[in-house]
Amino acid sequence: MKIFTSAQIRELDRFTIEHEPIKSIDLMERAAKALTQAVTDEWNSATRVVVFAGPGNNGGDALAVARMLCDRNYDVSAYLFNISGHLSADCSVNRQRLLDKRPKAFIEVTQEFEPPQLEAGMLVVDGLFGSGLNKPLAGGFASLVKYINASPAQVVSIDMPSGLMTEDNTYNIRANIVRADLTLTLQLPKLSFLFPESQIFIGRLKVLDIRLSQEGIAKTDANFTLLEENDIRPRLLPRDPFAHKGKMGNALIIAGSYGMGGASVLATKACLRVGAGKCTTHTPRQNSLLLQVSVPEAIIQFDREETIFSEAVDTEDFNAVGIGPGLGTSEQTAIAVISQLRRTQCPLVVDADAINVLSNHPAWLQQLPKDLILTPHPKEFDRLVGRSTDSYERLMKARDLAQRLQAYIVLKGHHTSLCLPDGHIVFNSTGNAGMATAGSGDVLTGIITGLLARGYKQEDACLVGIYLHGLAGDIAARELGEESVIASDLIQYLPRAFKRLNE
């Protein structure tokens, strides 16, 4: 699914109007019908409704919704804020339509505003500002937003919570953004909806199909996309019925220090569970018993040191290497890590402490091979490139780093994002809060390394890997509950995730 910028959304509206063809006011009417239906699905006609409409097309949508709710016998009071004396053309039309239909339900605010009493059990329809906003709210609108947020009424926002910008909210004023209980967005989700900082404003999210031009959507290039199941199925490699383990890929996992052996177990199990024919795990000698008991299918390669990874190993016989989980960051390990990264010729996944080593030695970033895969969580990434104010700024830094290194950066989170070397960014749609547990990242490292060993190209291994990882977590959460999911459950439910994709 493509995610468009606010400018592209306006262009898509224009394309639909020109090529359907349909008048802009009729497109607004179509959107209002979908919005009204969504509101009436949630709140019955005994609910008192207060509509706040701005002077633009978002306000036009809100006034049309007010009129349609009146038609369904809702008790509606609609406030149009026409401070400048200039309304968009379609907002002006819907102003007149509401006046003609129910003049007593309409209040136009041009100067002084006496706010209505907002009480528990009432519904506020927020139609002040939509996806076209490009600066923080101030003055009277900021005061109104604070008044709405302080009230006990429930709030539904049209397209965007007013005050929230479509992409970049780094320098927004959070107190001046509506906190909706439900956001009814039109046609496609917006980029800012995918960031954790936005969730307090969005509430529940519903995407309403208002039949914008599919041709226009197809023709418009997007720098951001949201990964869906139908994007993954065609990428899955078939398994040759005559295959043997030698044809299914040989992976090397370099993981674990003494006391962190579990990281090597999780990565190794995940690597084997996604179909790698063989997996060798290089780990300190003190982890040998743990690994041989926990993962009898793995081949154990011992480091010469008892407790740490101390020296790079030969990778000529391997199809993919994953390095980092639980390694530690001692100076001896750091030198071994950079030596390993420089000498490895096959596809490479760099995670956890291997990333922390690079953070401690930033000059080493210039020595990294092209096409490697970095899988940091936000704090690891901040240590690598510097602290970010919010998720959007961090994402832009990740995109820039992926382009500069010609690497694949998997920035882990609720909507894990993959930054590609060409600047494109893909967000994952699977996963849940139950996966916020130690070891989840080690599992992802093993998954992606195993897929690379199987023969997946880097982009496909990342996309299939993050989707499978989240899908296994979703299945685990459904059966166990989010509170009880642990990292090893993700491995346990990987077969169910694969089966779903293959059905």
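Predicted model: local features only at pLDDT ≥ 70, side-chain atom pairs only at ≥ 80, totals over all residues.

Modeller: Residues are numbered from 1 along each chain as its sequence is written, and side-chain values use heavy atoms, with hydrogens and water left out.

Colleague: Which strands pair with β11, and in which sense?

Modeller: Helices (H or I, at least four residues) and strands (E, at least two) are DSSP runs numbered from the N terminus, and two strands pair if DSSP finds at least two bridges between them. Here β11 pairs in the parallel sense with β10 (residues 250-254) over 5 bridges, and with β12 (residues 299-302), also parallel, over 4 bridges. Thr 281 of β11 stands opposite Ile 253, and its bridge partner in β12 is Ile 300.

Colleague: What handedness does the crossover from β11 to β12 have?

Modeller: A crossover is right-handed if, with the strands pointing away from the viewer, the path from the first strand over the helix to the second runs clockwise. The chain crosses from β11 through helix α10 (residues 288-294) to β12, and this β-α-β crossover is right-handed; β10, helix α9 (residues 261-273) and β11 likewise make a right-handed unit.

Colleague: How many residues of β11 are buried?

Modeller: Buried means under 20% relative accessible area, exposed over 50%, and partly exposed in between, with a 1.4 Å probe and protein chains only. In β11 (residues 278-283), 5 of the 6 residues are buried, which leaves the strand mostly covered.
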